[in-house]
Amino acid sequence: MIVVFLGPPGAGKGTQAKLLSQRMGLLHLSTGDILREAVKNQTPLGLKAKEYMDRGELVPDSLIVALIEECLPEEGGVILDGFPRTVAQAQALEDMLSSRNKKLSKVILFDSPDEVIVDRLSGRRVCSNCGAVYHIKYNPPKREGVCDLCGGSLVQREDDKEDVIRHRLEVYRKQTEPLIDFYQKRNIIFRLDATKDIQDLFSELEGILKDGR
Ligand code: AP5
């Protein structure tokens, strides 16, 4: 199974991808997580990507497509979280899969209004050590500011400041929303109401993925 998670920043794609990967044993491939790790380690990719990410812009297609070509496994199920994000990336993914005699199983669209996104992203905190994701109201850690899993300190992402969030939403509307039409034409897109709470959303997601359509 190869599934794409599509939707605005902060709609809950990463949260659901982690749950699904644990439940179904799929590989969770998040371009955002891979890029943040590259930035942290100051690799050549990280050095190129940082300025785009801090501004809430998309990293150039050529870098992202090369990254996916390197990371996409030959075998086994995958959740693509945050890729593709432009029509050029979607086309490149189709070509990549068809050269391996594979195709996308489903695209899940996380649908959410802007007020919910801003509320979720401004309250998001991530572990500076292991990357675990929390929310100060909806998914708080047991001890304020401390990761439940590894004891690392929780921080706010640079791109989760309100002005950058608004810009990321504009970028999403302009560059990523056209993918809804792209996948509707292929009849593989399924819409989720992402305003639901984490567990309800997960049950709905599982239902869609287990449905043989
Ligand atoms: P990326 O990391 O992919 O950011 P994003 O798409 O903007 O998504 P987020 O990680 O912000 O949100 P999410 O939907 O995963 O939500 P989450 O589950 O954390 O990309 C970052 C940057 O990298 C981009 O801006 C770009 O520069 C670059 N990049 C990445 N991929 C690229 C590509 N393909 N091409 C070009 N550039 C690329 O949830 C958010 C918060 O809400 C959390 O606090 C969580 O606890 C909480 N929450 C989650 N679900 C719920 C719920 N159901 N109810 C209440 N709270 C919830």
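Does Asn 187 count as buried or exposed, and at what relative accessibility? Asn 187 counts as exposed, because its relative accessibility is 67%. Some notes on this predicted model follow.

1. You'll find Asn 101 in the loop between α5 and β4, where it is exposed, with a relative accessible area of 75%.

2. The peptide bond leading from Phe 83 into Pro 84 is cis, and its omega is near -5 degrees.

3. The largest nonpolar core holds 31 residues. Leu 6, Leu 72, Leu 80, Leu 93, Leu 104, Val 107 and Tyr 183 have the most contacts inside it. At least two core residues come from each of β1 (2-6), α3 (44-55), α4 (61-71), β3 (78-81), α5 (87-99), β4 (106-111) and α8 (178-185). The top contributor is α5, with five residues. As background, nonpolar side chains in soluble globular proteins tend to be buried together.

4. With its neighbours within four places in sequence set aside, Leu 80 is in contact with Ile 2, Val 3, Val 4, Phe 5, Leu 29, Ile 68, Leu 72 and Leu 93. There is also a second, separate core, made of 22 residues, and Val 3, Val 118, Leu 121 and Leu 201 are among them.

5. On the α5 side the contact uses Val 87, Ala 90, Gln 91, Leu 93 and Glu 94, and on the α8 side Pro 178, Leu 179, Phe 182 and Tyr 183. By type, the residues of this contact split into seven nonpolar, one polar and one charged.

6. Which helix does α1 cross at roughly 55 degrees? The partner is α9 (residues 198-210), whose axis comes within 10 Å of that of α1 (residues 13-24). That angle makes α1 oblique to α9, and the crossing is right-handed. From α1, Thr 15, Gln 16, Leu 19, Leu 20 and Arg 23 take part, and they meet Ile 198, Leu 201, Phe 202, Leu 205, Glu 206 and Leu 209 of α9. The tally for this contact is seven nonpolar, two polar and two charged residues.

7. Last, have a look at Ile 165, which lies in helix α7 (residues 162-176). Ile 165 counts as buried because its relative accessibility is 0%, and the cut-off for that label is under 20%. Not counting residues up to four places away in sequence, Ile 165 touches Ile 117, Val 118, Leu 121, Ser 122, Asp 159 and Asp 160. Val 118 and Leu 121 belong to the second core mentioned above. If you want a distance to check in your viewer, Ile 165 and Leu 179 are 14 residues apart along the chain, and their C-alpha atoms are separated by 20 Å. Leu 179 is one of the α8 residues in the contact with α5.

Key
Residues are numbered from 1 along each chain as its sequence is written. This is a predicted model: local features need pLDDT of at least 70, side-chain atom pairs count only at pLDDT 80 or more; totals for chains, interfaces and linings use all residues. Side-chain values use heavy atoms; hydrogens and water are left out. Axes are lines fitted to C-alpha atoms, for helices over the stretch in contact, and angles run from 0 to 180 degrees between N-to-C directions. Helices (H or I, at least four residues) and strands (E, at least two) are DSSP runs, numbered from the N terminus. Angles under 35 degrees count as roughly parallel, over 145 as roughly antiparallel, 65 to 115 as roughly perpendicular and the rest as oblique. A crossing is left-handed if the near helix is turned anticlockwise from the far one by less than a right angle, and right-handed if clockwise. Contact means heavy atoms within 4.5 Å. Ala, Val, Leu, Ile, Met, Phe, Trp, Tyr, Cys and Pro count as nonpolar, Asp, Glu, Lys and Arg as charged, and the others, Gly among them, as polar. A nonpolar core is a set of buried Ala, Val, Leu, Ile, Met, Phe, Trp, Tyr and Cys residues joined through side-chain atoms within 4.5 Å. Buried means under 20% relative accessible area, exposed over 50%, partly exposed in between (1.4 Å probe, protein chains only).
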